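Work through the exercises below with the structure open beside you. Try each task before reading its solution.

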Amino acid sequence: MSNENEEFSTEILQRGVENTGPNDGPISFSVRVRPRMPDFLSSVNLKYVKLGYGYLINHRLYLLFAPPLLAILINHIGKFTWEDLFVKYNITEAVFISGLVFLMLYLYIDSTPRSTYLLDFSCFRPSNEYKVSKAEFIELAKRSGNFNDTAIKFQEQVLKKSGIGDETYLPKGVFRPGYTSSLKDGREELSLVMFGAIKDLLVTTKVKPKDIKILIVNCGILNTTPSISSMVINHFKLRSDIHSFNLGGMGCAAGITAIDLAKDLLDAYPRSYALVVSTEAVSYSWYSGNDSDMLIPNCFFRMGAAAIMLSNFRLDRWRAKYELKQLVRTHKGIDNKSYKSIHQREDKEGKKGLSISKDVIEIGGHALKANITTLGPLVLPVSEQLHFFTNLLFKKKKSKPYIPDFKLAFEHVCALATSKKVLDEIQKNLELTEEYMEASRKTLERFGNTSSSSNWYELAYLEFNKRIKKGDRVCQIAFGSGFMCNSVVWKALRNVGKPKQSPWIEDEN
């Protein structure tokens with residue numbers, strides 16, 4: 001037997017809820033003990049530490065060579081003036097040397113990596129007609145006749161412990177008797193939330209649709225023909241030579257994946273704007289059956305969308321809110337257990353839905369451990385890294401390695417608002433304070449899990465409460481099917497005041 005101490009969580013098993021199979025028999029309840037999110041701060045995988053420093057060296061190598069080269073150049077130039085140039089050389093040679101110097105200066109500036117700036121973002125809030133409380137959710141589910149008593153009771157218990165409040169938004173058409181998802185319902189929902197978010201963003205940034213060179217849209221479940229990105233192009237009449245991409249099947253982590261793709265494209269196309277849209281079609285992912293593992297998404301996922309405007313114009317630094325500093329993506333798809341933890345399937349009656357494995361929290365913990373360990377060398381203060389390396393090199397075999405304090409790397413954390421249980425585990429394992437978790441918990445309560453756009457509702461909460469100060473670093477963390485864990489770090493370029501448009505501004509919609 002293993003000598004390692006492992007943390008566990010309990011799971012209630014029900015018998016007598018099916019006529020055949022392992023759950024057949026008289027109605028009874030039992031408790032199974034399962035491992036929960038691993039305490040990854042008690043161990044460090046050196047593979048991911050090395051990967052993090054590999055990123056640091058590859059992306060910052062020019063910083064190591066620039067200072068000594070600059071010192072050598074200054075030493076050689078000394079008090080050299082333009083008059084000396086024309087005295088020592090004839091006009092032709094002087095002009096040639098001057099042109100060569102300016103060419104080298106231009107090439108250096110042009111080859112220096114351009115920063116990616118976040119001009120602004122917008123999160124859509126549906127009108128009050130879409131609001132649904134937990135009690136109304138259960139009442140509508142009962143009236144629909146789509147769920148048996150066991151399924152109703154299961155959803156009621158999940159909602160009770162979910163951390164979700166009574167003012168989240170749902171397309172109530174999903175409670176129609178005999179409801180099955182349709183492209184029509186999915187397209188209508190996406191048109192509402194996406195176009196609303198993009199419209200507000202264009203007004204705020206004053207960027208014209210014809211000036212947008214890159215468009216990336218991510219939606220996990222619904223993928224249409226023409227694509228969702230084509231819907232955006234058609235509605236806003238974007239330019240014909242736009243670089244358009246449509247990401248699907250990546251779940252809640254796709255929003256940060258889209259940011260990563262946008263950054264790569266901006267590196268390839270200088271002086272460009274990139275529009276990123278993150279959303280999910282709840283009406284298309286809705287499940288009207290009775291399998292408990294497929295009912296969980298019904299309880300958590302809610303309507304929402306976020307639109308983000310990125311730029312690599314150097315002058316945009318003066319009007320942008322944030323600068324992208326680091327982005328790390330971790331994919332655990334090589335492991336079958338991780339790969340199958342979140343997947344779309346059909347139940348025995350042929351009803352489609354999203355199945356969530358009972359091991360997903362443990363799997364997510366391992367993915368988060370790998371991601372944070374890789375991110376550490378990129379964001380931690382030098383003092384923490386030296387302390388870590390000293391401990392790593394000279395520690396005794398049986399002693400635990402020193403774990404850096406990640407709170408020193410960020411002023412704010414926006415962990416994806418998945419569920420109360422997941423947020424509790426993240427807070428415990430990263431040793432975060434309530435202040436760090438506030439944005440995630442408030443977003444879960446007010447808007448539910450809006451999938452890949454949740455991170456932006458959390459950042460909007462911080463801005464609405466005037467928490468963002470110049471120089472603050474914000475870390476967004478998201479999980480998704482595959483299994484993936486992505487993180488991105490933004491640095492505030494100015495004090496961000498309360499915005500005029502925000503999903504947190506309550507009014508009479």
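**Exercise 1: A charge over a ring**

Task. Find how Arg446 lies relative to Phe447, and then find which ring has the charged end of Lys498 over it.

Solution. Arg446 lies over the face of Phe447, 4.9 Å from the centre of the ring. The model is a predicted one, and side-chain atom pairs in it count only at pLDDT 80 or more. Next, turn to Lys498: its charged end sits over the ring of Phe464, at 4.7 Å from the ring centre.

**Exercise 2: Two aromatic pairs**

Task. Classify the pair of Phe175 and Trp286, and state whether each residue is buried or exposed.

Solution. Step one is the geometry. The ring centres of Phe175 and Trp286 are 5.2 Å apart and the planes meet at 70°. Angles over 60 degrees count as edge-to-face, so this pair is edge-to-face.

Step two is the position in the chain. Phe175 belongs to the loop between β5 (168–169) and α6 (183–205), and Trp286 to the loop between α9 (282–285) and α10 (292–300). The two residues are 111 residues apart, and the pair links distant parts of the chain.

Step three is burial, for which the limit is under 20% relative accessible area. Phe175 has 6% relative accessibility, so Phe175 is buried. Trp286 has 4%, so Trp286 is buried too.

Task. Do likewise for Phe447 and Trp504.

Solution. The centres of Phe447 and Trp504 lie 5.1 Å apart, with 85° between the planes, and the pair is edge-to-face. Phe447 is in helix α15 (residues 434–447) and Trp504 is in the segment after β15 (484–492), so the pair ties together parts 57 residues apart in sequence. Phe447 is buried at 1% relative accessible area, and Trp504 is buried at 11%. Both residues also belong to one aromatic cluster, together with Tyr169, Tyr457 and Tyr461. A search of the whole structure gives 12 aromatic pairs.

**Exercise 3: The sheet and its helices**

Task. Give the strand order of the open sheet of 9 strands and name its edge strands.

Solution. The order is β7-β6-β8-β9-β3-β10-β15-β14-β13, and the pairing is mixed. The edge strands, β7 (243–247) and β13 (412–415), each pair on one side only. From one strand to the next, the twist averages 20°.

Strand β6 (residues 212–219) runs parallel to β7 and is joined to β7 by 5 bridges. Within this pairing, Ile216 has Phe245 as its bridge partner in β7.

Helix α6 lies across β3 (117–123), β6, β8 (273–279) and β9 (305–311), at about 35° to β9. Helix α16 (residues 454–464) packs on the sheet and touches β3, β9, β10 (322–331), β13, β14 (473–480) and β15. The direction of α16 makes about 100° with that of β3.

**Exercise 4: A helix and its cover**

Task. List the buried residues of helix α14 (residues 420–430) and say what covers them.

Solution. The buried residues are Val422, Leu423, Glu425, Ile426, Gln427, Asn429 and Leu430. Their cover includes α12 (360–379), β13, α15 and β14. Just after α14, Glu431 has a positive phi of about 55°.

**Exercise 5: The whole protein**

Task. How many helices and strands are there, and what share of the residues is buried?

Solution. The protein has 16 helices and 15 strands. Of its 509 residues, 49% count as buried.

Notes: Residues are numbered from 1 along each chain as its sequence is written. Side-chain values use heavy atoms; hydrogens and water are left out. Helices (H or I, at least four residues) and strands (E, at least two) are DSSP runs, numbered from the N terminus. Buried means under 20% relative accessible area, exposed over 50%, partly exposed in between (1.4 Å probe, protein chains only). Rings of Phe, Tyr and Trp (its six-membered ring) pair if their centres lie within 6.5 Å; planes under 30 degrees apart count as stacked, over 60 as edge-to-face and the rest as tilted. A charge sits over a ring if NZ of Lys or CZ of Arg is within 6 Å of the ring centre and within 35 degrees of the ring normal. Two strands pair if DSSP finds at least two bridges between them. Axes are lines fitted to C-alpha atoms, for helices over the stretch in contact, and angles run from 0 to 180 degrees between N-to-C directions. Contact means heavy atoms within 4.5 Å.
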